[in-house]
Amino acid sequence: MIQYKCPFCKTELETEEALSGAQDTCPECGRIHPVPLSKQDLTRARKEQKAEQKRARKEQKAARAAAWEAAMVAAVEAQRARKQQERLNQPSNTTTLESRSNNA
Ligand SMILES: [Zn+2]
């Protein structure tokens, strides 16, 4: 049984554990009120909350790693593009030599 006080009239109440977290009507004042969680449910809820926090932290870590990886890839791509651009800007006859040898 869950023992608690009616939030409205403060009457000591007892409810079956099956009603944990559900709504009940106070036999004294007749008002509908939420039944507090049973110890079992409270423990489970805390455990679930902890697991959820752990999962969220893990996800955050994974997201950070993914962002870092994406940044690395972007940096490498940028460097590659820059080098390619530099090569194109450089007065070199590599291309002409290649095309010449291809023609011959
Ligand atoms: Zn009441």
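This is a predicted model: local features need pLDDT of at least 70, side-chain atom pairs count only at pLDDT 80 or more; totals for chains, interfaces and linings use all residues.
Glutamine 3 sits across from glutamate 14, a residue of strand E2. Strand E1, residues 2–5, and strand E2, residues 12–15, run antiparallel and are joined by four bridges. Together E1 and E2 make a hairpin, with six residues lying between the two strands. If you look into that turn, you will find lysine 10, whose phi is positive, at about 65 degrees. As a reminder while you follow the strands, side chains in a regular strand alternate between the two faces of the sheet.

Let's move on past the hairpin. Alanine 18 lies in the loop that leads from E2 to strand E3, residues 23–25. Is alanine 18 buried or exposed? Residues with 12 or fewer other C-beta atoms within 10 Å are classed as exposed, and alanine 18 is exposed because it has 9 C-beta neighbours inside 10 Å.

Now step back to the whole protein. It contains four strands and two helices, and along the sequence these follow the pattern β-β-β-β-α-α. How much of the protein counts as buried? The figure is 2% of its 104 residues. Contacts tell a further part of the story: among those between residues at least 6 apart in sequence, 13% link residues at least 24 apart.

Notes:
Residues are numbered from 1 along each chain as its sequence is written. Two strands pair if DSSP finds at least two bridges between them. A residue is buried if 20 or more other C-beta atoms lie within 10 Å of its own, exposed if 12 or fewer, and partly exposed in between; C-beta atoms are placed from the backbone. Two residues are in contact if their C-beta atoms, placed from the backbone, lie within 7 Å.
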